[in-house]
Amino acid sequence: MKNKSLGKNAFLNGLRSVLNIIFPIITFPYVSRILSVGELGKYNWSNSYVSYFLLIAGLGIATYAVREGVKLRNDREKISNFVSQVFSINLISTVVSYILLFLSMIIFPKVQSYAICIYIFSIQIIFTTLGTEWIYSIFEEYTYITVRSIFFKVLSIMLLFMFVRNQGDYLNYAGITVFSAVGSNILNYLHAKKFCTIRFTFKVDWKKHLKPILVIFASSIAITIYLSLDTTLLGLINNNFVVGIYSVSTKIYDVVKQLIAAVLIVTIPRFALLWGRHRYREYRKLLLQISNFFALISIPAAVGVYMLAPQIVILLSSEKYISAVSSLRLLCPAIIFFIFSWIFTSCVLIPAKRENKVLIITVISAVVNLALNLLLMPSLKENAAAITTSLSEAISMILGIYYSRDVIKGLYKGIFWKDIFLYAVGSLAIVIICYVGKMLFDSTLIIILFDVILSIIEYALILLGMKNKFALDVLERIFIRLK
């Protein structure tokens, strides 16, 4: 099978992520004005609760399947056998997940007040399994799922304006969110048969598959703890109002994070392929390029969100959520830490079959996150959740670098650090522009437009003026296409 263009894949997956981002950007300001803060808190708490059972159903299978499946994709018989075994494991874990969900609803009385919303979100569990999106990652096929996303996102927005019109409609909002996320997954399952044959089988090589899957799953549990537990604990320790405030911060943080991460996702199969075929020189070259590129975009993104936090919160929600500004700003460092943590875990340790190291990293990060949340949350509330998230991501990044040190030895040399300094200088200019915008204008939208447009121009000019390789490559490609 011919390797797909990383540039094209990055564009398509970036477009899909932009659609995923546009959906909340369009819907969230509308919904936050229609629903009460408490209703939004119930929505987010229920979504957070179901995420644990989604994790159980997923069982770390997607990461494992991409790493191992990419080596077999040129042989339809072998890849079909592999996919069928992995899919069968996934179906079994999905059944287990639903059993545990229903038991938890019986055991924990407080959860029952969220029952209907939880059941609506739980539809995602089976449809995520049937969606088999990891097959599309194995074959680096992003065109189909991008086109599909466009259709279902547009349809979901239409449904939102039709069925979420009054306070109390948060259940309708939950249903539409689920439809937007997994509504097309039956089509995914049917379309995936173009690449391989998928069937349920009892002939599973448990000895081969189960250990790495469970190690990755354990890591996923720890990751979910420090990504989702903060919302769950806020609801248990504080109240729905605090959850609603924090949900605004995390919504904005997730939007920025997903947009940046969209490019990284498409590179993971390529890293697994290069490492699996012992093409280490190409692997290290790609790793350096990816690291430099994400430094280029994540540093100014974090600075820009920090400076524009009040305007972003007001634009995407309303004045009643203005207290979310502090927690959003505390989440900004996590944007950088998250990206580089992901690079070292997903692009280095997982392809190198060091999932046991990933498990150690995530367990340590999760324990720190849990301990600090329990200690700080009663007094600092949503700010405690933001602080612990940033610290957990920083710990994960540092440990990722430590366990990858033999792979990256000698890779990040003087030129890389020179570029990092350049990105920091460009970001400092963004701070100045944001202060100027605040002094010149009163309108929230005008301030955002002025700051963003001028910051992009300024940042690009600084990179070009200092002859940054990435900026010059982009400029060269633009000139080539214009000819």
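Me: Which residue forms a salt bridge with Glu 68, the closest N and O atoms being 3.9 Å apart?

Reply: The model in view is a predicted one. Side chains of opposite charge can pair when their charged atoms come close. Here the partner of Glu 68 is Lys 353. The pair ties together distant parts of the chain: Lys 353 sits in the loop between H14 and H15, Glu 68 sits in helix H3, and 285 residues separate them.

Me: Are the members Arg 67 and Glu 355 buried or exposed?

Reply: Buried means under 20% relative accessible area. Both Arg 67 and Glu 355 are buried. Arg 67 has 4% relative accessibility and therefore counts as buried. Glu 68, at 13%, is buried as well. Lys 353 is partly exposed, because its relative accessibility is 45%.

Me: How many of the 9 residues in helix H3 are buried?

Reply: Helix H3 (residues 61-69) is mostly covered, with 7 of its 9 residues buried.

Me: Backbone angles are my next topic. Which residue in the loop between helix H14 and H15 has a positive phi near 60°?

Reply: That residue is Lys 353, which is not a glycine. Its place is in the loop between helix H14 (324-349) and H15. Thr 132 likewise has a positive phi, of about 40°, although it is not a glycine. Thr 132 is found in the loop between helix H5 (115-131) and helix H6 (133-138). Thr 132 has a relative accessible area of 0%, so it is buried.

Me: At what angle do helices H15 and H16 pack?

Reply: Helix H15 (residues 355-380) and helix H16 (residues 382-403) pack at about 160°, and their axes are 8 Å apart. H15 is therefore roughly antiparallel to H16. The crossing of H15 past H16 is right-handed.

Me: Contacts across the sequence can also be read from C-alpha atoms. What separation is found between those of Tyr 43 and Tyr 170?

Reply: The two C-alpha atoms are separated by 6.6 Å, although Tyr 43 and Tyr 170 are 127 residues apart along the chain. Tyr 43 belongs to helix H2 (residues 37-58). With a relative accessible area of 3%, Tyr 43 is buried.

Me: Finally, the surface. Which helix gives the largest share of the nonpolar patch?

Reply: Helix H4 (residues 76-107) gives the largest share, 8 residues. The patch covers about 1,200 Å², and its residues include Ile 92, Val 95, Leu 103, Phe 108, Phe 200, Phe 202 and Trp 206. Leu 103 lies in helix H4. Leu 103 is partly exposed, with a relative accessible area of 42%.

Note on methods. Residues numbered from 1 in each chain as written. Predicted model: local features only at pLDDT ≥ 70, side-chain atom pairs only at ≥ 80, totals over all residues. Heavy atoms only, no water. Patch = residues over 30% accessible without salt bridge, like charges linked within 9 Å, V, L, I, M, F, W, Y side chains within 5 Å. Areas by Shrake-Rupley, 256 points an atom, 1.4 Å probe, with all protein chains shown as cover. Salt bridge = Lys/Arg side-chain N within 4 Å of Asp/Glu carboxyl O. Helix = DSSP H or I, 4+ residues; strand = E, 2+ residues; numbered from the N terminus. Buried < 20%, exposed > 50% of the residue type's maximum accessible area, 1.4 Å probe, protein only. Axes fitted to C-alpha atoms, helices over the stretch in contact; angles between N-to-C directions. Parallel < 35°, antiparallel > 145°, perpendicular 65-115°, else oblique. Left-handed = near helix turned anticlockwise from the far one by under 90°.
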